Amino acid sequence: MNFDFTSYNKNFDNYEAIFIQIAEKALKYLEIKADITLSVSLVDNKFIHQLNKEYRKIDSPTDVISFAFLDNNVNREKLLKSTASLVLGDIYISIEKAKQQAAEYGHNIDRELSFLFAHGLLHLLGYDHMTKQDEEIMFPLQEKLLSL
């Protein structure tokens, strides 16, 4: 796995190791054999607000945005199970939103950032929550990945 990590706040640099560990466990659990590359950036609300506005037409900051490079690939499942080298995409997580949500939900920032990373990673792997049926698959899987 190739992992490109950046953070606008150096106090959060330790999350690279945490995210790599989650990704490795997720890939093993989901039996993904491909040699994947992904990028994760911890950003501020201003940056993610601009992404959200430009790409989703939503004029507010959000917690996580994923840009999946295999989104429209009809062979995605086959590719992920092969030993091909694949670029999955990019995940952007707002540290400010993560802090806010951690306080709202009554848990710590480690748990919130890990949850947001797992959520973004699942999007890169083709999971979604646009329908109730999709939610019933993706949301429990997020929790499972965090408990591995």
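1. Start with H1: its buried residues are Tyr15, Phe19, Ile22, Ala23, Ala26 and Leu27. Viewed down the axis of H1, these residues fall within an arc of 130°, so they line one face of the helix. Keep in mind that this is a predicted model.

2. As for its length, H1 has 15 residues and reaches 21 Å from first C-alpha to last, close to the 21 Å expected at 1.5 Å a residue.

3. What do the buried residues of H1 pack against? The partners are strands E1 (2-7), E2 (35-43) and E4 (85-94), along with helices H5 and H6.

4. Now for H6, residues 132-147. Its buried residues are Met138, Leu141, Gln142 and Leu145. They cover an arc of only 110° around the axis, which puts them on the same side of H6. Their cover includes helix H1 (15-29) and helix H5 (109-124).

5. The other side of H6 is where Lys132, Gln133, Glu136 and Ser147 are exposed. From end to end, the 16 residues of H6 reach 23 Å between the first C-alpha and the last, close to the expected 22 Å at 1.5 Å a residue.

Methods
Residues numbered from 1 in each chain as written. Predicted model: local features only at pLDDT ≥ 70, side-chain atom pairs only at ≥ 80, totals over all residues. Heavy atoms only, no water. Helix = DSSP H or I, 4+ residues; strand = E, 2+ residues; numbered from the N terminus. Expected span 1.5 Å × (residues − 1). Buried < 20%, exposed > 50% of the residue type's maximum accessible area, 1.4 Å probe, protein only. Arc of directions from axis to C-beta. Contact = heavy atoms within 4.5 Å.
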